[in-house]
Amino acid sequence: MRTPCAFANDFENLGGGYMVIGQDCDEMGMPVFPPKGLPDNQLDRIQRELLGFCNQIQPSYFPMLSVERFEDRNLVVLWAPGGQNRPYKVPRSVTARKKDYHYYIRRYSSTVEARADDERELISLTARVPFDDRFNQTAGTNDLSLRLMEEFLREVGSDLANESRELSAEALGRQMNVVSSPTEAALPKNVGLLFFNDHPEQFFPATQIDVVWFLEGPGGDRFDEKTFTGPLARITRDALSHIQANYLKQTVVKHPDRAEAERFWNYPYAAIEEAVVNAVYHRYRNRRIGEFLKELDLTEGRSTGISKILKVMKGNGSSPPEFETDDDRSYFLIRLPVHLEAEGSEKTPVETPDQILSMLDENPEMTLAEVASKIGKSLRAVERASSKLVKAGRLIFVGPKKGGHWEVKEKT
């Protein structure tokens, strides 16, 4: 009961979590297959016990329960989404006569008791439900598209897709946790309208992605602009496809002293993808948006976005990205510098080619790696500059790749 209580508190706004009863794990925490499973004659008893134990969570909270059949064995799956009335507490031992209540949170893969600063921060989250998980009182369940919900379920491979056509929008929405509140006044959640309504902008003005390309650089008078509106997953993918098809370009540089050509992009797609999805996600405020994007493989949901951007920018040979925000985290700005050798970007410093020519004129047998070390430049920068010198006819490489030498034709 500590774990569903911790998931309900959703301290990191990750959307809660799952528990599987009847599944063994090894000493590393990895599931052991086939699962141990549960006997048929214990399923009702386990559900009754769970009901009694969950009644001890304060305020009232009940995870969603499903009995599943896997590899011919019974499993009880508990889905414990982030609660609407946090913070939640539960007795340290639900079977003890004297109930000692405590708050619990998730730390990485463990359930721990919230202490000191963590407990104070958890209590400060009272009634602060993220925007996407709130009820929308201006809409009804008929504003949820059964078609879009079914398409989503089929894409993520959910068995619920096969039942979706037999269910109403309200019933299906409740199973997907995008509808809640009493039956007599069922309301959709904001996340449901964002993903499963064809025109979410009617409920949330400016729900759109604007892609603007300045042909003359920032502040120029000429630019291309395209606006994407519609369900959140669709516009995210459409915006990324538009950027990839129209603005991302690969450059191939051949080097005179080696067979392998160098390839790089003005902007690596993986970095663009992470930046756009991060803008849609707004992780710390919208846990359910992140949950759906993760299901669609648009994000990992594991705080890996920034590290991935850093990695792919470095792998592309681009300058490091810049990240900017304020103390209140009211905005988050990512700047991805264009590759220095991409068309339209700033070029290699003027002194670099002259230094290369001077060094190779004095010692034609030097390798480009040795030149780079001598003039204090990166090997990548020296290779690009030397390729341009060869193309301009100012420098040639004579002989085989190994054992050849350089000839300088024109120093200035």
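P34 lies in the loop between strand 1 (17-21) and helix 2 (43-54), where helices (H or I, at least four residues) and strands (E, at least two) are DSSP runs numbered from the N terminus. A cis peptide bond, with omega about 0°, joins F33 to P34. The model is a predicted one, in which local features need pLDDT of at least 70 and side-chain atom pairs count only at pLDDT 80 or more, while totals for chains, interfaces and linings use all residues. Residues are numbered from 1 along each chain as its sequence is written, and side-chain values use heavy atoms, with hydrogens and water left out.

**Backbone features in loops**

Most residues other than glycine have a negative phi, and most peptide bonds are trans. Against that background, the peptide bond from Q58 to P59 is cis, with omega near -10°, and P59 is found in the loop between helix 2 and strand 2 (64-70). E71, a residue other than glycine, has a positive phi near 50° and sits in the loop between strand 2 and strand 3 (73-80). With a relative accessibility of 42%, E71 counts as partly exposed; buried means under 20% relative accessible area, exposed over 50%, and partly exposed in between (1.4 Å probe, protein chains only). N177 is not a glycine either, and its phi is positive at about 60°; it lies in the loop between helix 5 (169-175) and strand 7 (179-180), and N177 is buried, with a relative accessible area of 5%.

P91 belongs to strand 4 (residues 89-91) and counts as buried at 1% relative accessibility. Leaving aside residues up to four places away in sequence, P91 touches Q56, K99, D100 and Y101, contact meaning heavy atoms within 4.5 Å. P91 and M1 are 90 residues apart along the chain, and their C-alpha atoms are separated by 8.3 Å.

**Helix 12 and the helix pairs**

Helix 12 (residues 368-375) has L368, V371, A372 and I375 as its buried residues. Seen down the helix axis, these buried residues fall within an arc of 100°, so they line one face of helix 12, the arc being that of the directions from the helix axis to the C-beta atoms. The face turned away from the buried side carries the exposed residues S373 and K374. S373 has a relative accessibility of 60% and counts as exposed, and its C-alpha atom is separated by 57 Å from that of F196, 177 residues apart along the chain. Helix 12 is followed by G376, whose phi is positive, near 75°.

The table sets out two helix pairs; axes are lines fitted to C-alpha atoms, for helices over the stretch in contact, and angles run from 0 to 180 degrees between N-to-C directions.

| Helix pair | Axis approach | Crossing angle |
|---|---|---|
| helix 12 and helix 13 (residues 379-391) | within 9 Å | roughly 115° |
| helix 8 (residues 269-281) and helix 9 (residues 287-295) | within 9 Å | roughly 140° |

Helix 12 and helix 13 are therefore roughly perpendicular to each other, whereas helix 8 and helix 9 are oblique; angles under 35 degrees count as roughly parallel, over 145 as roughly antiparallel, 65 to 115 as roughly perpendicular and the rest as oblique. The contact of helix 8 with helix 9 is made by V277, V280 and Y281 of helix 8 and I289, G290 and L293 of helix 9. In the other pair, L368, A369, V371, A372 and I375 of helix 12 meet L379, V382, E383 and S386 of helix 13.
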